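Look over the sequence and the model, then read on by topic.

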Amino acid sequence: MIKLRVSYIPRLMKCSWLLLVLLISNVVQAQTLQDYEMQVRDIERFGNSYFAAYTNLFSSNFGFSLNQGWQGGAIPKQAGHLSFSLVGSTAIIPINDGNRYIRMDQLYQSANVIAASLTPGMFTDAKGGAISVFLLDPATNNRLVNPVTGDYLSANFNMIDGIGTGVGVTPFVMPQLSVGLGKSTELSLRVMPFAIGLNEGKVDVSAWGGAIRHNISQWFTDDEDPNFTVNLLLSYMRNKTSFTPNGERFLTFNNDYFSTAGTSLELSHHTKTQQALAFFNYRVNSFVEIYGHGGVVHQTSDLGTNGVFKLKINDAYVRDVVEETGYEYRDLFKSSINETVAAGGFGLLLGRGFVKAEVQYTYANTHIASLALRATLLKGD
Amino acid sequence: MLTSLNMNKAFTTLFLGLLLFCLSSCEHDKVCNIMDYIYIFPEQTIEEVAYIKVYTNERDFTEGQHAVEPDSLSKSQLVLPTDQTSIPFIDIRYADGTNSWSNQAELGRLTQKSIESAGCKAIFSYADNATLRNTINSSAIYLHLALQQLNQNGGEKTWLIDRIYDEDKLDVTERPEWQCVKGLKFTFYKGGKGAKVKIDAPVAEGVCGVFEELFGEKSEVFATYSLEGSNQKELRITVPAVSDALKEQLTFQVLESDYDSLNISLTNGSSQIGYATLIPSNHD
């Protein structure tokens, strides 16, 4: 998780095309705002559709992967059984011809935006496609030029590069504490609050959640220690990841035309995931357990920006055209995904006594692989 | 013994499962520094058009440089090797001068049937010929304004106001009320809607009237132009943040056009209507 965010967030910093939304918002102040409002809204809509498409593979799978890696296998019968686990999990999303590039014709179409036909998705190893955003005359939709230089009143830049992993991943590692409640019922909790400092800024990651699992097959057999058991697991996870850049490095610049002094923006990503799974466990011997599992999982994912973006016009020519020379903009982008999918997979538990290792594969919207190391701290009553 | 066999089977099954998983999921992304953008048009379209070329970016498109023509083997295909950092422009012209000088917004109007990206190729297929023909309907005046002839790839053309006539067809070129208009020069650059135009101030007569707002201390200014109205006869030159009076003087009705002459109606600062003949600056 951290590794991914660190490499992905600075690339979002290149998202300077967003600035044109603000540029236009500002340039139009002195003219009839209503005349230009549609252009501003169109660029916002285009930006949102692009941002959502770019982050789609990550934001539509991170919550699912965060809520995997719960233990399978037999549940301790004793109350007070206490174990500690270190759980790592990641979605592994194949990148193929269908999701390698974002097609511009599938995004919101805006008359004042022209762009390359294809631009890479988040995990693709390719440079972002070119894009030009123009200020149009409201009456004719003609592009406008600076009368002195002949330059179009536009911003030209590239969209966000792919991070180049070649495979979509959503990795994280999280500690987990599990306690036996008796009657083959176990409660597990995961918490991961921490912050790391980078050259670019500070990344705050917090995730927490829990699961309860119960052996339902015990109610249908008299066998005290059967090799085959069926467990029901209910789990809930949520996370918040935010990136607060150092100083004014995020979506900011200062050139002959514009400055963004006073801008303070934060990128944030929230997910909430609920899951219900049935585990069908088979103990091969005292060292090995295997299982298959299936059920349903629901995720909500919100990706967006918080804070304020400030834009000031430095250029004398543009200042002549507008009344206001400063503009503030809040809630630049927001992308939300709600999804319920079937989940299923299998796992392998190895170990005896104090330490166990567990490998798990789940298909929930995409491939998810989990690895856990578990240590028993207390055996319970 | 039985347990040991079961264990082996279980391990073998799991190993094979994981191997299959990796083979299917861990396909490495293909990096394409250069992609072939393949534009496929209906064959009938290729046969009917007088000119069809694709350019890597707007500058090449405007200047008419580095054009890609239909593939000599497969005439309905245009193959443009490019990268994602370019914005291709398609230039289609029919013999009657109707055209589609396509920026990206215009490309949407060309009703793409499908786009496929596979490996290092992206294939853009276009709609049937009849749909395309109805879509490619930009006025031939665009060609007349900026080019010397139908097959010229790109460039610009400068027009001078030669003579001005009143509603009774009397030559009023030298009358004082038309002096502010008389010496204007217009250089139209190739491009679609919102292409550039340069306006030069009259050299001999000097800047006067409402054009003082346009030029100020300058001798030339840039603007954009387009042909408006359902019949695309209204030539509108757009300059940002100017008065309505100046906008009115920069709006013309095109009465007749050709590569060598342009007849327009226009107004002077006194709201009088005149009819002007423009000729290319290199005209004899």
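Strand 3 and strand 5 (residues 130-134) of chain A run antiparallel and are joined by three bridges. This is a predicted model, in which local features need pLDDT of at least 70, side-chain atom pairs count only at pLDDT 80 or more, and totals for chains, interfaces and linings use all residues. Residues are numbered from 1 along each chain as its sequence is written, while chains are lettered from A and ligands numbered from 1 in the order in which they are written.

**A sheet in chain A**

- Helices (H or I, at least four residues) and strands (E, at least two) are DSSP runs, numbered from the N terminus.
- Two strands pair if DSSP finds at least two bridges between them.
- Val113(A) has Val133(A) in strand 5 of chain A as its bridge partner.

**A barrel in chain B**

- Eight strands of chain B make a closed barrel, 8-9-10-11-12-13-14-15, with antiparallel pairing.
- The twist from one strand to the next averages 35°.
- Strand 8 (residues 156-165) and strand 15 (residues 273-280) of chain B run antiparallel, joined by six bridges.
- Trp159(B) has Pro280(B) in strand 15 of chain B as its bridge partner.
- Four bridges link strand 9 (residues 185-189) and strand 10 (residues 195-200) of chain B.
- Six bridges link strand 10 and strand 11 (residues 220-228) of chain B.
- Val197(B) in strand 10 of chain B stands opposite Phe188(B), and it also stands opposite Ala223(B) in strand 11 of chain B.

**Two domains of chain B**

- The domain assignment, which is automatic or from a database, gives domain 1 (35-138) and domain 2 (148-280) of chain B.
- Their contact takes 15 residues from domain 1 and ten residues from domain 2 of chain B; residues are in contact if their C-beta atoms, placed from the backbone, lie within 7 Å.
- On the domain 1 side, helix 3 (58-63) and strand 5 (99-102) of chain B each give two or more residues.
- Helix 3 of chain B gives the most to that side, with three residues.

**The largest nonpolar core**

- A nonpolar core is a set of buried Ala, Val, Leu, Ile, Met, Phe, Trp, Tyr and Cys residues joined through C-beta atoms within 7 Å.
- The largest one has 125 residues, of which Val54(B), Val197(B), Ala223(B) and Ile264(B) touch the most other members.
- Helix 3 (residues 33-59) of chain A gives this core its largest share, nine residues.
- Both domain 1 and domain 2 of chain B give residues to this core, so the core lies between them.

**Two residues with positive phi**

- Most residues other than glycine have a negative phi.
- Asn365(A) has a phi near 75°, and sits in the loop between strand 17 (355-364) and strand 18 (366-378) of chain A.
- Lys169(B) has a phi of about 65°, and sits in the loop between strand 8 and helix 7 (179-182) of chain B.
- Is each one buried or exposed? Asn365(A) is buried, with 20 C-beta neighbours inside 10 Å, whereas Lys169(B) is exposed, with 8 other C-beta atoms within 10 Å.
- A residue is buried if 20 or more other C-beta atoms lie within 10 Å of its own, exposed if 12 or fewer, and partly exposed in between, with C-beta atoms placed from the backbone.

Technical notes
Axes fitted to C-alpha atoms, helices over the stretch in contact; angles between N-to-C directions.
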